[in-house]
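Reader: Could you walk me through a structure, one feature at a time? I would like the general idea and then the case at hand.

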Amino acid sequence: MRRARLRLAGPLLAVAVVIWAAGTVADEPWQAEWNKVLNAARQEGSVVVSGPPGEIVQQLITSSWAKAYPDIGLQYTGARGTQILSKVVRERQSGLYNWDIVLASTDPTVFMLIPIHALAPFRDALIDPALKSDKTWIGGFAAGFMDDGQQYFYSTMAKVGSTMGYVNRDCVPTSTLSKVEDLKKPELVGKIAWYDPLQPGTGSRSTWVLSTRMGEAWLEDMLKNHGITFARDYRQLTEWLVDCSKPIAIGITNDVLSEMQQHGIGAHVEALTGPAYFHDLPAGWGGANEDIGWYEKAPHPNAAKVFASWYLSRDFQQQYAKADQNNSRRADTISGDPDPADALRPGVAYECWGNEAAVRQLKALQQKIKSWGVVK
Amino acid sequence: MRALPFAAPARRNGEGYALCGVAFVAVAAVVLAPILALIIDSFRVALPGERAAWGVGAWQSALGDADLWLAMWNSVRLYIATSIFSWPVAIALAWVVARADIPAQNGIEFLLWLSFFLPSLTVVMAWVTLIDPATGLVNQAIRRLPFVHLTTGPFNIYSFWGIVWVHLCQNAISIKTILLIPAFRNIDAYLEEASQVSGVGIARTLRHVVIPLMAPAIIVTTLLSFVRLWQSFEIEIVLGIPQGFYVFGTKIYDLLNNQIPDYGQATVLAVLVIVIAFPFMVLQQRYAVDRRYETITGRARHRRTGLGRAKWPVFAAVMGLALFVSILPMAAVLMATFMKVFGHFELSEPWTLDHWMQVLGDPILLQAVRNTLVVAGSAALLSVALSTIVAYILVRTRYRLRGVLDVITWFPQALPGMLMGLGFLWIVLLFVKPLYGTLSLLVIVTVVAGMTVGIQIVKSNMVQLGAELEEASRIAGATWFPTLRKVVLPPLLPVLVLVGTFTFVAASRDVSNIILLASGQSTTLALLQLDYMVAPLWESATVVAVIMTLITTGVALVARACNLRLGVR
């Protein structure tokens, strides 16, 4: 009898533990709060977001959100951060608070919105503690903040390393260009095009990273004395690259190039990246124009919290990485980057090339480049 | 021709002065309020949200920029070079289309309009495809000739003259011609006949009779292009920067498109344009309004001049030019929408419908079309009404402030679109918040932005209208409004249609004036096109541009079908 009782005690205990555990999970304070916020968000009815203008990103965000929260509308405006933020600043000066969420890059967001106290502490938008856990994010949660104070503006995506530019191997063989020093070879004079380093974007960041490795004197000589042609149109630069009229293009994105390569144009164009071009460059990463912040006095504060949590969720980060061919900083996602080497690796100490401090250094370099008189 | 003292009838009744006063206050408010807001803000040195602090930092930085004066000089010499070629061609072309007895004049005028509809970036890229020094198709063909031994060129689009060439082919000739044609049509045939009866040839008649009569239209069009030249940047960014050639327009563009836009310095540069153009604004008034250029009188007769044996050669030359500036770039634009990658004919299957499918399947497209029609259509109608009333005040009354009013109407032309939008943003947020984000606001801003062209073109044609018709109307007992409607407007109908069509085109293509004021619900086709450009889906953006061109052309043709005697026929 006693043995029989003991035999029953085991399963009963297990059931009790399961029931207790389930009860504990259900009663987690954050979950109760989450339910409250979600209900309030449904009452608010919609969330107003400004974000990147690209068709793919826009489609992804709107359609994924509609599936996740069909009862909370999403008003998405895609535009350059500069345009949206100019509006936001004037609106807030006039007491209008129209926006809940901003998705943009560090520059200009951090420099325009934080000084006027327009952004709310980002941690306050995240209810689930797992979203703020260091275990969830490669390099820890705090590493994703782009502002100096690590409070307001957060980057979830990251690409390791830097691409200095591209070379068309149809007309510049490896024997002519295989390392960064080769750029100054006399036979390459007049063959290099450079995206205007005074303009925001990939070009200025590549130029800055290059200057940190090679020194400003090297860069000044390069820009002044080696027949560089500057331009501001990615398509124009890519056309020059693929038709070999300027077979080396520094500071361009691969947007136009990858489209051309899909059709077999510029098949032998290669990226200038890796130790040969950046020497002892420690691994670094930068976010882009999809970093997130939420507004003080947001008109739909609860819907904004739901959006922020959803944006940082594993499901959405995975979708975003795949659609944007990028890498999420979340440790539980798979790289969407065609080059797996661009994905962050746990345990590596990375520099951040896209945060407020880095942008300040970049702006200082741009002032110097302007003083050199090579571009105006 | 000796200019006679201005002798138009004065409006001295209370009703007329009230109308003048209302028009003056309305125009001054919508033009000056945003400009004043911008100027005040240019002295603000504190960050938004901080306690106000004032200084001249923006002014010092803008005017202390060593490159500024070189950029201004580049703009001026570009203007001079473009004008030297475009003016003689535009005057001759306008005269032939309006006054000579060549066939297909309406078709030629339509082709000129077509060149105005086309998206400038696509046209620039088409010219790059043709005359890039290394890979341009024309250059390659020339280099294959047996007696040519060149490795690049002979033409180089990345040069000063390359930029001049693209300006000439794109708008410099066609816009001037379009704006001059109605004034040419108004010339009394008696004057030309009298000259020819006296034994003077066509060329001398053109020089000594026609051009002096056209002085108001020519002066106004010259000043319009002079003020606008300071904002030109689209061609220069693509073709100028690779050769280190910067113009004033690129300076303003940079200040407005920095990551953190410097609206203060951009405002300073816009004020600088107004200051430079101010003496010309006053002078044009003295020469274009306060003299007498009447060519439409009670006895006026309109007859085309016979060209004799020169008729068919002239026709061939004019038609060739019109085709060159319209069909050639139009073909390039259309081709871009059907090519996988524009300009890459070497692909085994270069053609695709994907770009059209993408744009036609965009859920925002229909809303953008509707918004464009509402904004551009309303702006066109309002612009015609405003231009008529203000031009009437400037030309036909002795209202004391008419000179000030005339100068004020020039300011929108001098202000870059994005600054105009920002000025309106401030004013609306301060005083009329409910208007913010609505289509009505976009209509108001596009009307103000197009005000200068509309008013000045109607004005320059109205001075050709003889006062005797109105005097007869008043003697017959008609008050001012029936006189305006039944006597003044009918002969001006072609120019009013021109202003309406011009405003419709400009409003439907406008991005810079409205980008800070539009909301997700008020997206227009031009803003949708910008989205595709930024994406960057260049070919799809060109599809949107073609849709805009089709809509604009369609509106012009529908107006013609309604027997409105369109400028576009």
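Author: Gladly; let us start with burial. A residue is buried if 20 or more other C-beta atoms lie within 10 Å of its own, exposed if 12 or fewer, and partly exposed in between, with C-beta atoms placed from the backbone. A:C244 has 15 C-beta neighbours inside 10 Å, so A:C244 counts as partly exposed. Before going on, note that this is a predicted model, in which local features need pLDDT of at least 70 and side-chain atom pairs count only at pLDDT 80 or more, while totals for chains, interfaces and linings use all residues. Residues are numbered from 1 along each chain as its sequence is written, and chains are lettered from A and ligands numbered from 1 in the order in which they are written.

Reader: Where does A:C244 lie, and what is its phi?

Author: Elements here are DSSP runs, numbered from the N terminus: helices are H or I with at least four residues, strands E with at least two. A:C244 sits in the loop between α8 (234-242) and β9 (248-250) of chain A. As for phi, most residues other than glycine have a negative value, and most peptide bonds are trans. A:C244 has a positive phi, near 70°. A:K297 also has a positive phi, near 55°, and belongs to the loop between β12 (291-295) and α11 (301-312) of chain A. A:K297 is partly exposed because 14 other C-beta atoms lie within 10 Å.

Reader: Which residues does a cis peptide bond join?

Author: The bond is between A:D107 and A:P108, with omega about 20°. A:P108 is part of helix α5 (residues 106-113) of chain A.

Reader: How do I read the length of helix α6 of chain A?

Author: Compare its reach with the expected span, which is 1.5 Å times one less than its number of residues. Helix α6 (residues 202-214) of chain A has 13 residues and reaches 18 Å from first C-alpha to last, close to the 18 Å expected. Ten of the 13 residues of α6(A) are buried, so this helix is largely enclosed by the rest of the structure. Among the buried ones are A:R205, A:W208 and A:L210. Just after α6(A), A:G215 has a positive phi of about 90°.

Reader: What does A:K376 touch?

Author: Contact here means that the C-beta atoms of two residues, placed from the backbone, lie within 7 Å. Leaving aside residues up to four places away in sequence, A:K376 touches B:D67 and B:Y246. A:K376 is in the segment after α13 (356-372) of chain A, and is buried, with 20 other C-beta atoms within 10 Å.

Reader: How many residues of each chain are in contact with the other?

Author: 44 residues of chain A contact 33 residues of chain B. On the chain A side, α4(A) gives the most, with eight residues. By class, that side has 15 nonpolar, 15 polar and 14 charged residues. Nonpolar covers Ala, Val, Leu, Ile, Met, Phe, Trp, Tyr, Cys and Pro; charged covers Asp, Glu, Lys and Arg; the others, Gly among them, are polar.

Reader: How many helices and strands does chain B have?

Author: Chain B has 25 helices and zero strands. Its radius of gyration is 24 Å, close to the 25 Å that the globule rule gives for 569 residues, so chain B is as compact as a globular protein of that length. The radius is taken over C-alpha atoms, and the rule is 2.2 Å times the number of residues to the power 0.38. Buried residues make up 50% of the 569 residues in chain B.
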